[in-house]
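Please look over the structure shown here before reading on.

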Amino acid sequence: MATPALTAEHLTRHFASRVAVSDASFELAAGEILALLGPNGAGKTTTLRMLAGLIAPTSGSVQIEGDPMTPRAAPRLRTRIGFLTEAPGLWDNLTVRENLSVYARLYGLREPDRAVNDALALFELGERSEDRTARLSKGLKQRVALARAIVHQPRIVLLDEPTSGLDPESARGVRELIVGMRRQGRAVLLCTHNLDEVERVADRVAVLRSRLVAVGTAGELRQRLFAPRLRIRLSTAADQFAAVLRSSGAQDVEVNGTSLSLAAESRPTPHIVRTLVEAGAGIESVERDEPSLEEVYITLLRSEGGTVRSSRGASQ
Amino acid sequence: MRMLALLRKELIDERQNPALFFPALIVGAVAILLPVIVAIIIPYATGERLSDSSDFQAALELYRDQPRTRGLDPEAAVQAYLFQFFAVMLVLIPVTSSMALAAHSVVGEKQARSLEPLLVTPITTFELLGAKVLGAFIPSLALTVISFLVYVSVTLVFAHEGVASVLVGPRSLGTVFVIGPLAALAALQMAVCVSSRVNDARTAQQFGVLVILPIPGILIAQLAGAFTLTAPVIAGIALGLIVINAGLMRIAIALFDRETILTRWK
């Protein structure tokens, strides 16, 4: 089995008497995007900082491609990590090229100018490379910050709210760049409040509220929290057919105008459809009724006493 | 290499912000003009010789005792005394500029929230602090050299013969190029320390008054005859500044701890 790009084991961080992060364990594989979700103050940024070796955990450990993150090893291991902080944090008086160039040299790259040119090309910043970053739009600044985060070709990328405050077009551009990072085989940990974004780009989701509430794919989390349901829209009022379904063995049948909703696993879908057609129902659509990720997220936070596990991440 | 990369950034940043140098340039202009007014313009305007004034008899006697100044005519000796006396003011140039640059540098990073991405790189605290200190110190030192050259040139053009050569002696050079840089270093380290606790560069600079105040103090003490800036006095002040600098450096390194910056700097 391949060594995970990043492993967090029982990560805990206290600030005086306040517990910011408690006993969080998860893994991140190369070419995977893991979204870290949680309300404000849930410890997401603290977790990212511990993973980047910026602050030490009170207890627990971080491994970067199997190497333990210790204070001594941190400067070396940080060369494998790209970190996009919550604010772009660019030097406004420097040009785009100068910003990237300083970072390429801080990472000790052998050919810093080439690395900068590659990053400028990848993020389509060539035309603005000689502009001072103070003159860039918020979206372009975020693009430069992303280019800076990977100018040294890190294998692990930590992104703290990369689309926060961006207009939809800029946010979409940033999302495409994040997906591009996965294609390049980078392991991406995406910290965000944007659940739609998570649905679009993340392979797995981790929900944090000081402690890790759940880790898994969106589908896994849905399955664990909500029984799958079937929604059938009819061309006429649905009440008369609810009794037909119940008598055929369907469970938890609900009626809402011309729609029927029932537990999906109570009867096979073709059987349910055949029963309705034989009873004279006009079926317009049949679909699995999946709760949104937002519903999953809210349910998880409300019932955080429970623990949800997946194959590659666990919490207490 | 990493320190040089960040130092380069500091210098580019300063080049884009010429206003940062205005306070030091104003101080420099005053430091150069003041002795010219006192030693050259006022005597010229009033038609009175400084060497005839009883106020400067002590200076004349002092200069007659020193081999370097023994050959000067009385008016030149008084002018040399005044230009050496006011040379202390040149120390204010590196102190003012280094304070402004250091405060802008650290507070600027805080305001731009650019410290965290910087800390993610493999740069060490020593390299980070070194680049910040050098970034403020090098331009300040350059300003000092330029100001001193202007100071000497002014005496060459306007003062009596021999005055300029007295200024290029150990007393003036020690004052400007030993006390000056050491005081500048103390000022900029203080600005760095204070900057870690405030979010406004001007507030950080105001604390630099603690370093600036003793300099006019030296000027006034000399004027009052409390002491003269002789080589041993300069060495004593330099030693004191070295001790202060060592203490400030320890504080600055402690304040620049990564965790402190990320979790406590506001």
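This is a predicted model: local features need pLDDT of at least 70, side-chain atom pairs count only at pLDDT 80 or more; totals for chains, interfaces and linings use all residues.

Residues are numbered from 1 along each chain as its sequence is written, while chains are lettered from A and ligands numbered from 1 in the order in which they are written. The model scores ipTM 0.81 and pTM 0.81.

**Chain B**

- Chain B has 14 helices and zero strands; helices (H or I, at least four residues) and strands (E, at least two) are DSSP runs, numbered from the N terminus.
- The C-alpha atoms of chain B fill a box of roughly 65 × 35 × 30 Å, taken along the principal axes.
- The average pLDDT of chain B is 85, and 98% of the residues score at least 70; pLDDT is the predictor's confidence in each residue, from 0 to 100.

**Contact between the chains**

- In all, 27 residues of chain A are in contact with 25 residues of chain B; two residues are in contact if their C-beta atoms, placed from the backbone, lie within 7 Å.
- On the side of chain A that touches chain B, the elements giving two or more residues are α2 (74-77), β6 (81-84) and α3 (96-106) of chain A.
- α3(A) gives the most to this side, with five residues.
- By class, this side of chain A has 15 nonpolar, five polar and seven charged residues; Ala, Val, Leu, Ile, Met, Phe, Trp, Tyr, Cys and Pro count as nonpolar, Asp, Glu, Lys and Arg as charged, and the others, Gly among them, as polar.

**A sheet in chain A**

- Four strands of chain A form an open sheet in the order β12-β13-β11-β14, with antiparallel pairing; two strands pair if DSSP finds at least two bridges between them.
- β12 and β14 (283-289) of chain A stand at the edges with a single partner strand each, so one side of each is left without a neighbour in the sheet.
- The twist averages 20 degrees from one strand to the next; axes are lines fitted to C-alpha atoms, for helices over the stretch in contact, and angles run from 0 to 180 degrees between N-to-C directions.
- Helix α9 (residues 239-247) of chain A packs on the sheet and touches β11, β12 and β13 of chain A, its direction making about 20 degrees with that of β13(A).
- Helix α10 (residues 269-278) of chain A also packs on the sheet, touching β11 and β14 of chain A, and its direction makes about 155 degrees with that of β14(A).
- Strand β11 (residues 229-234) of chain A pairs with strand β13 (residues 259-263) of chain A in the antiparallel sense over five bridges, and Arg229(A) stands opposite Ala263(A) in β13(A).
- Strand β12 (residues 254-256) of chain A pairs with β13(A) in the antiparallel sense over three bridges.
- Glu254(A) stands opposite Ser261(A) in β13(A), and the bridge partner of Asn256(A) in β13(A) is Ser259(A).
- β12(A) and β13(A) form a hairpin with two residues between them, and Gly257(A) in the turn has a positive phi of about 65 degrees.

**Two helix pairs in chain A**

- Two packed helices are described by the angle between their axes and the distance between the axes.
- The axes of α3(A) and helix α4 (residues 112-122) of chain A come within 9 Å and cross at roughly 130 degrees.
- α3(A) and α4(A) are therefore oblique to each other; angles under 35 degrees count as roughly parallel, over 145 as roughly antiparallel, 65 to 115 as roughly perpendicular and the rest as oblique.
- The contact of α3(A) with α4(A) has seven nonpolar, one polar and two charged residues.
- Helix α5 (residues 138-149) of chain A and helix α6 (residues 168-183) of chain A pack at about 15 degrees, with their axes 9 Å apart.
- α5(A) and α6(A) are therefore roughly parallel to each other.
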